[in-house]
Amino acid sequence: MTTRAFQKIYTKIDNITKATVTLRAQGVGNDELATVGGKLAQVVKIMGENVTLQVFAGTEGIATDSEVIFHGEPPKLKVSDNLAGRFFNAYGEPLEGGEALEGEAREIGGPTVNPFRRIQPSELIATGIAGIDLNNTIVTGQKIPFFADPDQPYNAVMANVALRAKADKIILGGMGLTNDDFLYFKSVFENAGALDRIVSFVNTTENPPVERLLVPDMALTAAEYFAVDKGEKVLVLLTDMTLYADALAIVSNRMDQIPSKDSMPGSLYSDLAKIYEKAVQLPNGGSITIIAVTTLSGGDITHAIPDNTGYITEGQLFLRNDSDTGKVIGKKTREDHPQVMNACVRLYADAANAKTKLENGFDLSDYDERTLKFAHDYSEKLLAIDVNIEITEMLDTAWTLFGKYFSKEEVAIKEELIRKYWKA
Amino acid sequence: MKTTGRVNGIISNIVIVKADGAVGQNEICYVYAGDTRMMAEVIKVIGDSAYVQVFDSTRGLKIGDKVEFEGHMLEATLAPGMLSRNYDGLQNDLEKMEGLFIARGSITDPVDYEAQWDFVPLAAAGDRVSAASWLGEVQEQWVKHKIMVPFAMTGSYTVKSVAAAGKYKVTDTIATLTDAEGREYPVTMVQKWPVKQAVRCYTEKPRPSRVMETGVRAIDTFNPMAEGGTGFIPGPFGAGKTVLQHAISKQADADIIIMVACGERANEVVEIFKEFPELVDPRTGHKLMERTIIICNTSNMPVAAREASVYTGMTIGEMSNRLEELPGQDAFPMDLSAIISNFYSRAGLVKLTNGRTGSVTFLGTVSPAGGNLKEPVTESTKKAARCFYALSQGRADSKRYPAIDPLDSYSKYLEYPEIREYLDEHIEKDWVDLVYAGKTLVQRGKEANDQINILGDDGVPVEYHERFWKSELLDFVILQQDAFDDIDANCPIERQKMMYEMVLGICRRDFGFADFERCAQFFKGLINLFRQMNYSEWKSEKFEQYRQQIEQYVDEKAAK
């Protein structure tokens with residue numbers, strides 16, 4: 001972001017809105033960066049000589065005679081191994097001082113991996129949380145959203161996942177984190193002695209919301225460096241994507257775009273997909289796996305943000321008071337995993353029915369009673385977030401519960417598996 | 001002389017170009033950002049300003065950058081060598097692209113122009129021909145790829161000469177045609193066709209009269225798809241659209257499969273890339289990939305190219321014989337309904353000028369916003385497509401896969417006399433009546449279950465429970481299918497018939513249970529036996545064993 005000697009300085013701004021400024025300028029490239037009155041901005045629209053810039057920090061205090069300097073290039077991040085263990089702001093500048101980054105400057109939001117060069121995701125990333133490992137196994141190269149009610153401890157779960165997950169690098173993209181949450185992440189990572197494999201890009205609620213738009217691209221550019229260049233298994237944690245989408249809405253509203261469903265921009269699907277689709281399993285063994293928190297408003301899953309997210313991502317995790325749904329697409333797991341998971345969910349659903357019956361004052365059958373007991377044990381021994389066990393152990397626990405409460409017919413799993421795993 | 005222009009405005013991927021000459025609506029042009037050449041399509045013209053949609057990122061583009069107009073619309077290249085390829089929405093061969101990332105402005109040839117093909121002439125000098133008449137054929141994989149008079153050549157022609165049998169490149173002249181005035185037209189194996197126009201070189205388009213097998217019981221038995229028919233699968237996310245789509249494309253009884261993945265997850269496309277070359281088509285013994293063309297525009301590739309990918313897919317389909325394809329979602333312009341019905345109408349069974357038939361079967365999926373089946377895309381598609389496979393969230397949540405809702409879904413083909421006749425002949429007389437009997441069973445089971453839920457287990461007669469459990473039996477044995485099990489995943493029609501009749505047979509019996517707990521216990525045991533049967537190889541010893549066990553189990557109960 002250094003100023004070069006021959007750069008032309010513009011000092012006449014024609015229009016100023018809350019997030020954008022428009023001025024006359026020549027030779028400007030689309031998407032390129034500029035400094036407007038000392039604040040970083042990016043070109044979002046060019047009409048003839050009129051150039052519109054989105055000012056990340058907001059246009060407060062910018063005057064019609066503020067200085068505008070174009071940088072001649074899109075936003076970049078300097079990548080090197082020195083990224084590890086550091087905390088950066090949305091522009092990729094080190095937080096709380098520290099030496100500036102050295103390394104190769106790469107454009108953020110770069111091109112797509114050719115789908116033909118991708119490898120099918122297959123390797124499990126174990127988190128030790130049964131709600132995830134058993135019901136929603138995370139596989140390298142996947143993207144999984146965490147749909148969380150705002151009152152749920154989603155950031156604590158994310159920090160847990162980051163520490164337990166067997167990944168080479170963990171990149172945290174924090175958008176609209178409260179300062180408390182930011183400090184929480186920081187101290188948890190420091191205390192665990194895991195800092196050397198964690199890179200964080202953080203935008204807190206104290207920073208202007210529009211800056212958030214850079215965070216995922218920064219985080220993913222760093223992720224691509226470690227995965228593509230170094231062949232490492234990278235886990236990217238993004239929290240909270242709802243606030244990211246809100247920032248998108250702010251910008252598009254300021255630019256007079258016609259809003260789509262839930263006042264979100266019409267391009268929300270593609271905007272989110274551009275981020276999530278960076279998840280990839282590469283032929284060199286490197287991979288990028290994305291786990292992203294999307295907070296729900298009033299538990300509404302049909303709101304444009306979770307809805308679009310759901311269509312892009314592979315399976316969803318719910319962090320709320322009721323149960324999980326999901327699918328297993330992983331290959332390197334035990335053979336009985338999909339069937340056990342399906343049986344668990346089916347029996348758990350039966351338990352929910354039994355509960356409804358009970359609430360409506362009906363008598364419970366013997367089977368209903370057993371499903372209720374099963375559901376109780378299932379939540380306690382497997383679903384509880386503080387249970388930390390290996391997947392095989394989880395499956396064995398599930399079999400034990402099957403054997404304890406049900407007959408083989410009621411579980412209705414393929415006979416070969418029953419013969420092999422059934423615990424009387 | 002080509003029209004050129006200069007960039008005069010940029011808003012995201014819409015570029016406003018000042019043109020120096022004539023510009024056509026939907027014309028293709030190239031925008032130059034430095035040395036990078038990016039394809040774009042004209043979407044609007046105002047005065048000398050053409051609004052073009054760039055199929056790539058416009059980052060770094062500047063005012064005054066050069067634009068060249070091509071004078072034609074977006075075209076698909078149709079030639080031998082398309083099978084087994086993996087295209088993007090603009091028919092660039094993804095496999096030929098260099099590097100891990102797709103660089104901006106990557107353009108690769110859709111077919112191999114150097115390859116030699118064994119050409120066999122089918123026409124002779126002096127023959128009268130018109131567009132789509134067969135001039136010859138080449139063997140491509142296991143398909144005989146017909147070389148036709150280009151679709152764009154209207155009117156009739158006389159064959160002046162045809163190349164002798166032998167090896168030729170696709171760009172070699174393989175025939176020369178003359179028109180009434182004696183003008184000569186050389187014809188090669190390559191032709192181009194604008195993707196947004198339907199190919200109409202056929203004599204008639206009769207009603208579909210054959211069923212296309214998919215190996216999925218909930219489709220074949222309950223709501224069959226016709227060859228040359230249209231269908232669509234709407235479903236909320238997580239309802240198993242993808243698994244179902246893949247199952248159909250692997251198992252469908254078609255010669256050529258074109259999979260169009262637009263706006264889909266890249267990992268799912270990879271699954272196709274990696275799995276299809278391995279899988280063997282059970283009917284022909286050939287690798288599945290040999291009959292497949294993949295066109296993908298994943299959700300992170302430029303949006304504008306997404307619409308194009310659907311059309312490219314359809315055009316390739318129209319020139320081939322029988323095929324099927326599966327696109328994802330699209331955007332919503334005002335004339336959405338007209339666009340969708342027009343698009344679906346490109347499917348069909350056609351009689352070619354030489355009396356042979358070909359068909360395009362079209363199966364689309366829709367991801368309705370918020371899982372709401374009343375949203376515009378789903379509503380418009382419902383009017384256009386003849387089969388409707390509604391995936392229900394409720395079924396998906398309770399892991400009843402495939403989550404095709406038995407009551408909301410329908411196939412209009414069951415009402416077609418042609419299809420009825422076909423089913424009478426190929427499965428059994430009055431098969432359609434049996435299908436409706438099954439549907440009634442499911443409906444009555446649901447009603448009984450509603451009553452049980454309102455009045456309680458003891459509040460209703462035992463017959464209600466029996467009715468409910470009979471519908472559960474049908475659900476678990478016929479409607480549910482394990483797509484991840486090698487044997488259960490693909491159920492041939494013969495096996496479907498047997499299983500279905502067995503289940504219906506049991507459902508017709510009256511068991512007279514003493515109480516509802518015994519009823520539930522009986523059916524749970526029965527369902528388990530049937531499931532084991534579904535997992536056993538067709539007609540194997542184990543299969544027979546389970547069948548006998550079931551008969552015994554049922555007879556014992558009935559005797560009491």
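In this predicted model, four strands of chain B form an open sheet in the order β12-β11-β9-β14, and their pairing is antiparallel. The two ends of that order are taken by β12 (143–148) and β14 (166–169) of chain B; each has a single partner strand, so one side of each is left without a neighbour in the sheet. On average, and with direction ignored, neighbouring strands of this sheet are turned by 45° against each other. One of the pairings can be followed residue by residue: strand β9 (residues 116–121) of chain B runs antiparallel to β14(B), with 4 bridges joining them. Here Trp117(B) has Tyr168(B), in β14(B), as its bridge partner.

Strand β5 (residues 39–47) of chain A runs antiparallel to strand β1 (residues 4–11) of chain B, and 3 bridges join β5(A) to β1(B). Within this pairing, Ile46(A) stands opposite Ile10(B).

The wider interface is worth a look alongside these bridges. Across it, 55 residues of chain A are in contact with 56 residues of chain B. On the chain A side, at least two residues each come from β5, α6 (268–276), α7 (304–312), α8 (337–359), α9 (366–383) and α11 (408–411). Of the contributors, α8(A) gives the most, with 5 residues. Sorted by class, the side of chain A that touches chain B holds 20 nonpolar, 18 polar and 17 charged residues.

Turning to chain A as a whole, its fold comprises 12 helices and 19 strands. Its C-alpha atoms fill a box of roughly 80 × 45 × 40 Å along the principal axes. Of the 424 residues in chain A, 52% are buried. Sequence separation gives a further view of the fold: among contacts in chain A between residues at least 6 apart in sequence, 71% join residues at least 24 apart.

The domain assignment divides chain A into domain 1 (2–70), domain 2 (81–319) and domain 3 (333–421). Taken over C-alpha atoms, the centres of domain 1 and domain 2 of chain A are separated by 29 Å. Where these two domains meet, 11 residues of domain 1 of chain A are in contact with 8 residues of domain 2 of chain A.

Definitions and conventions:
Residues are numbered from 1 along each chain as its sequence is written. Chains are lettered from A and ligands numbered from 1 in the order in which they are written. This is a predicted model: local features need pLDDT of at least 70, side-chain atom pairs count only at pLDDT 80 or more; totals for chains, interfaces and linings use all residues. A residue is buried if 20 or more other C-beta atoms lie within 10 Å of its own, exposed if 12 or fewer, and partly exposed in between; C-beta atoms are placed from the backbone. Two residues are in contact if their C-beta atoms, placed from the backbone, lie within 7 Å. Domain bounds come from an automatic or database domain assignment. Ala, Val, Leu, Ile, Met, Phe, Trp, Tyr, Cys and Pro count as nonpolar, Asp, Glu, Lys and Arg as charged, and the others, Gly among them, as polar. Two strands pair if DSSP finds at least two bridges between them. Axes are lines fitted to C-alpha atoms, for helices over the stretch in contact, and angles run from 0 to 180 degrees between N-to-C directions.
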